[in-house]
Amino acid sequence: MRVGINLLWLKPKAIGGVEIFVKNLLRGFDELSPDMEFVVFVNRTALDYVKSWRISDRYQLVVKDVDPFNVFRALVYQRLHMKKLCTKYRIDLLFHPTPIYPIGRIRNVKQVVTIHDLQFLHYPQYATKLQKLKYLYSWKKCLQHADKVIAISNFTKQDILNNFHVKEDKITVIHNPVVLPETPADFSEISKRLGVEKKEYFYTISSLLPHKNTEALIQLMRLIEQEKPPAVPNKLIISGIGKLQGTRIERMINEFGLSDRIIFTGFVSDEEKRALLENCYCFLFPSLFEGFGMPPVEALMLNVPVVTTKAGAIEETTMGLAIYVDNPTDEREWLEKIVHEVPRFSAAGANHLKDKYDFKNVSERYVSEFYELISLDKGTHQQKEG
């Protein structure tokens, strides 16, 4: 079987969780060594980035001059050339790791698409009118023309069913692989640079998007500063947020006098993230919407106490092992959970998480779906011939 993997959409280091998902999945395919030949269609801009994943020679890289930052041209290119590429490289099954562009039917080629979430449906303010139209059209056509749709959580599957006309048996839930670096960065260096000690800070990974609900943690830190509960850290480290100037969060921090209590690291490497996770007092994740929610899963896999919400897929993917707030915007409830439940937190079940999200186990499920589609196709074809 020859499997094509569509990475024409890939913007180097601009996609976030989706690119991590693809990287881990390809690593899993590599180690499983299924009886498949892989052809990766990648744009020239992302070529060096894909090579940095250190995938093996079993992946044939086909490089095309597609500008992933020019949505219109990339969309037109895929529409005009994807069928020809599949024919030229004798593709049996084409895998789309994300529905960035709409797909059409390709004769004699099975297609699988992974849908991570329908964020723009719930937060239309995040996109321009043109972007919203593109995503709605892409989702609709991918659901219509794909032979199999993979949802990364039961939450995402139900969201698809609630918003689009699609048969339920067309959708299979396969959770994302979660991979942590084997060795963390040197925490002593991080400690000196950020001015924090082990177990004396909270940690979160966030962004400025409203659904990440970072403001709730700023309010929490203000409450801690006011009440000074014993044995509770008074510092919060936030990774993932870049430019803070002129934002509401910056104004809140200045207004509350918390500039020396809240530390922004910007982007951190996987090794630095692991070190920050392992040494924090607890990990806080106040998000209001997640199709999966990888950071709290990573923290739990490291036996770190996690206080988070029940929003979106979070309770599902953390398998009920975290500490959950009922009202994500109530800083008083956050503090009560931290004071009363974090000291009693048990990491029982963390090993089950590691098995469930092991990249080889997840990749094996994808391989099984690929084989099943091709087997069904061959069976149908043989019946027609008979």
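Among contacts in the chain between residues at least 6 apart in sequence, what percentage join residues at least 24 apart? The share is 71%, where contact means heavy atoms within 4.5 Å.

The structure is a predicted model, in which local features need pLDDT of at least 70, side-chain atom pairs count only at pLDDT 80 or more, and totals for chains, interfaces and linings use all residues. Residues are numbered from 1 along each chain as its sequence is written, and side-chain values use heavy atoms, with hydrogens and water left out.

The chain contains 15 helices and 13 strands; these are DSSP runs numbered from the N terminus, helices being H or I of at least four residues and strands E of at least two. Its radius of gyration is 22 Å, close to the 21 Å given by the globule rule for 386 residues, so the chain is as compact as a globular protein of that length. That radius is taken over C-alpha atoms, and the rule is 2.2 Å times the number of residues to the power 0.38.

| Element | Residues |
|---|---|
| Strand β9 | residues 236-239 |
| Helix α9 | residues 248-256 |
| Strand β10 | residues 262-266 |

Four of the five residues of β10 are buried, that is, under 20% relative accessible area with a 1.4 Å probe, protein chains only. Strands β9 and β10 pair in the parallel sense over four bridges; pairing requires at least two DSSP bridges between two strands. Within this arrangement, isoleucine 238 stands opposite phenylalanine 264 in β10.

Key. Buried < 20%, exposed > 50% of the residue type's maximum accessible area, 1.4 Å probe, protein only. Right-handed = clockwise from strand over helix to strand, strands pointing away.
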